[in-house]
Amino acid sequence: DKEMASTDDIVQNNSTIPNIVFVLGEATNRNHMHLYGYDLPNTPNLDELAGKNDLAVFTDCISPHSTTVAVLRDLFTFCDNESDQPWYKYNNLIDVMNSAGYKTHWLSNQESSGIWGNVALLFAKRSAVHEFTSMRESHEDYGTLDEDLFPMLDNAMQHPAEKNFYVLHLMGGHSLYYMRFPYIFSKFSQDDITRDVSDDKKVVLAQYANALYYNDYIVSGIIDKFKNLNAIVIYLPDHGETVYDDNSNFSGHVEENPNHYMLEVPMVMWASDKFKETYP
């Protein structure tokens, strides 16, 4: 933390956008989203926004790594593939937004400590407001649903500054998939899976489809909270996920020798009507 780079080299600040929202997803394979051509209709809300031309859908976004810790080091700093110094020597997004006069928020449904949570916690602590839905270590998972972020976001929005930057860190499509959605979102079953795989795999594929169906509700629900404000919302998962793709027997993500399903992520951007009026 003490070695993190300062933002002394920021020489100009013309930022005027009042509300910038970064929805940081988790383990989301875009090839399993209807928005990106998947056969099951598991993204109805994002589909509707895209159909109305209210959503910019990026189709060639590749994650730098296939695990959260490694991604966040690159995603939230100016470190890249050609950098010759450690990631923490570069400016990070939270410090930049703080220096630009934004009230920064880190609202997380991920672990609050542990080997997989420490880099996120570093950025969280640099934010003016940082809250977790529950206090848990990396190896603990109580199946806390992403909707628990809604009241935290509502509360944060009731105490706005002139300029606000919100990061919402989801559990998204992280395994175990059946823990990521409530029973009411059990839209798909193994009978809906048309791939020629075993029944056990069909069950897991259906659970993942339901997790992304619920994720569609979460992301569109966050967007909906900003529809009457001057705001832009960016949704980008940290990395992808392979779910028995290409007839493999593996479901999940690993840093060593990842396949392309672990790296191909969705990215969408939405802007409110007031934003589009102000920044045509």
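**Exercise 1. How do the residues of the lining of the largest pocket divide into nonpolar, polar and charged?**

Before you start: this is a predicted model, where local features need pLDDT of at least 70, side-chain atom pairs count only at pLDDT 80 or more, and totals for chains, interfaces and linings use all residues. Residues are numbered from 1 along each chain as its sequence is written, and side-chain values use heavy atoms, with hydrogens and water left out.

*Solution.* 
- Step 1: On a 1 Å grid over the protein atoms alone, a pocket is an open set of points with protein on both sides within 12 Å along at least five of seven lines, a cavity is a set where a 1.4 Å probe fits but cannot get out, and lining residues have an atom within 4 Å of a point.
- Step 2: size it up. The largest pocket has a volume of about 310 Å³, volume being the space filled by probe spheres set on the points, with points joined across faces, edges and corners.
- Step 3: look at the middle. Of the 16 lining residues, Glu-111, Trp-116, Ser-138, His-174 and His-253 are the closest to the centre.
- Step 4: sort them. Ala, Val, Leu, Ile, Met, Phe, Trp, Tyr, Cys and Pro count as nonpolar, Asp, Glu, Lys and Arg as charged, and the others, Gly among them, as polar. The lining comes out as three nonpolar, eight polar and five charged.

**Exercise 2. Find the largest cavity and describe its lining.**

*Solution.* 
- Step 1: search the whole structure, and one cavity of 30 Å³ or more turns up. The largest cavity holds about 30 Å³ of space.
- Step 2: list the lining: Asn-109, Thr-144, Leu-145, Asp-146, Met-171, Gly-172, Met-179 and Arg-180. That's three nonpolar, three polar and two charged.
- Step 3: zoom in on Thr-144. At 14% relative accessibility, Thr-144 counts as buried (under 20% relative accessible area with a 1.4 Å probe, protein chains only; exposed is over 50%, partly exposed in between). Leaving aside neighbours within four places in sequence, Thr-144 is in contact (heavy atoms within 4.5 Å) with Asn-109, Thr-133, Ser-134 and Arg-136.

**Exercise 3. Work out how helix H2 packs on helix H4.**

*Solution.* 
- Step 1: locate H2 (residues 68–75) and H4 (residues 118–126); helices are DSSP runs (H or I, at least four residues), numbered from the N terminus.
- Step 2: the helices pack at about 35 degrees, axes 8 Å apart. Axes are lines fitted to C-alpha atoms over the stretch in contact, and angles run from 0 to 180 degrees between N-to-C directions.
- Step 3: Val-69, Leu-72 and Arg-73 of H2 meet Val-119, Ala-120 and Phe-123 of H4. The tally is five nonpolar, no polar and one charged.

How values were computed
Helices (H or I, at least four residues) and strands (E, at least two) are DSSP runs, numbered from the N terminus.
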